[in-house]
Amino acid sequence: MDIKIITDSTSDITIEEGRERGIGVVPLNVIFDDKAYKEGIDIKPDKFYPMLKETKKLPTTSQPSPEDFLKLFLDVKKAGAAAIVLLVSSTISGTVQSAQIAKELAEYEHIYIIDSLCSIMGLRLLVDYALKLKNAGNSPEKIVQAIEEAKSRVAIYAVVDTLEYFLKGGRLSKSNAIVGSLLNLKPIITLKDGSLSVVGKARGTNNSIASLIKEMDKSGGIDFSFPIYFGYTENDEKCKLLINKTKEHFSFEDYSVHPVGCVIGTHAGPGASTLAYIRKK
């Protein structure tokens with residue numbers, strides 16, 4: 001049985017990359033002033049971040065509709081293949097729910113929907129792992145089992161450059177945002193088991209990266225049989241520093257760098273740097 005790997009645009013796998021690699025990518029939506037844009041189709045990071053900086057009202061984001069998944073699912077059904085669908089955490093998006101509705105509409109049992117409990121580089125890691133397992137000749141069931149095990153070990157960390165977008169989104173009081181900006185505090189954020197949390201704040205980029213590395217040390221070792229992925233919003237200047245500091249501390253070579261897209265960038269804002277890896281068992 002052939003296998004189709006499907007994900008959503010928060011994996012930061014572009015539509016073009018997905019087409020080249022045989023991965024289906026379903027876009028989420030970004031809404032500026034009631035105008036909706038499909039991520040990766042109607043709007044891309046080079047257009048999005050200037051718009052984000054200029055807008056007075058923070059854009060909103062929304063999940064794909066069941067119909068967005070249904071076409072892909074019906075194509076898989078018609079081909080007599082299986083679909084392994086890896087999606088952004090259900091705790092931060094309704095994308096999984098839309099896919100489940102589409103599966104019911106497709107009336108096809110060989111569709112395996114996985115709630116990744118993560119996003120961005122962590123979701124990309126799982127998608128790439130699923131594709132590797134598929135190319136090695138594994139069955140859909142074995143791939144799903146391996147992904148379910150690996151997803152519990154995904155670690156995602158980010159240093160956010162500004163607190164402004166937390167303020168615009170109502171996640172932080174104005175007084176805290178002003179104090180944070182005056183003190184040049186950079187929040188350190190993690191997404192673990194589907195939950196987003198701030199694990200620390202440090203003054204300045206260098207101190208924030210040092211604090212992030214300490215958090216990585218606390219959370220267990222890195223499984224170097226998987227790559228490490230880095231990401232950035234708008235520009236990669238601070239991300240390069242994050243790469244150099246973590247390489248120096250952990251001594252690894254297998255990594256890649258990818259821009260963070262519009263949906264997650266709405267909440268992180270410009271100037272954020274991220275990394276994702278798989279923890280040791």
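The second largest pocket has a volume of about 220 Å³. Its lining has 17 residues, with Asp12, Ile13, Thr14, Gly40 and Pro45 closest to the centre. At least two lining residues come from each of α1 (15-21) and β12 (255-259). The model is predicted: local features need pLDDT of at least 70, side-chain atom pairs count only at pLDDT 80 or more, and totals for chains, interfaces and linings use all residues. Residues are numbered from 1 along each chain as its sequence is written, and side-chain values use heavy atoms, with hydrogens and water left out.

The largest pocket has a volume of about 580 Å³. Its lining counts 32 residues; Ile92, Leu196, Ile264, His267 and Ala268 lie nearest the centre. Two or more lining residues come from each of β5 (60-62), β8 (154-159), α7 (164-168), β9 (185-192) and α11 (262-268). Helix α11 gives the largest share, 4 residues.

| Pocket | Volume | Lining classes |
|---|---|---|
| Largest | about 580 Å³ | 19 nonpolar, 12 polar, 1 charged residues |

A pocket is an open set of points on a 1 Å grid over the protein atoms alone, where a 1.4 Å probe fits, with protein on both sides within 12 Å along at least five of seven lines; lining residues have an atom within 4 Å of a point. Volume is the space filled by probe spheres set on the points. Ala, Val, Leu, Ile, Met, Phe, Trp, Tyr, Cys and Pro count as nonpolar, Asp, Glu, Lys and Arg as charged, the others as polar.

The structure holds 9 aromatic pairs (ring centres within 6.5 Å; planes under 30 degrees apart are stacked, over 60 edge-to-face, the rest tilted). Phenylalanine 69 and phenylalanine 73 make a tilted pair, 5.9 Å centre to centre with 35 degrees between the planes. They sit 4 residues apart in helix α3 (residues 66-79), so about one helical turn separates them.

Tyrosine 129 and phenylalanine 226 pair edge-to-face, because their planes stand at 80 degrees, with centres 4.9 Å apart. This pair links distant parts of the chain, 97 residues apart: tyrosine 129 is in helix α5 (residues 120-135), phenylalanine 226 in the loop between α9 (205-218) and β11 (228-232). Both tyrosine 129 and phenylalanine 226 are buried. Elsewhere, Phe32, Tyr37, Phe48 and Tyr49 form one aromatic cluster.

Helix α5 is mostly covered, with 13 of its 16 residues buried. Just after α5, glycine 137 takes a positive phi of about 90 degrees. Helices (H or I, at least four residues) and strands (E, at least two) are DSSP runs, numbered from the N terminus.

Conventions. Rings of Phe, Tyr and Trp (its six-membered ring) pair if their centres lie within 6.5 Å; planes under 30 degrees apart count as stacked, over 60 as edge-to-face and the rest as tilted. Buried means under 20% relative accessible area, exposed over 50%, partly exposed in between (1.4 Å probe, protein chains only).
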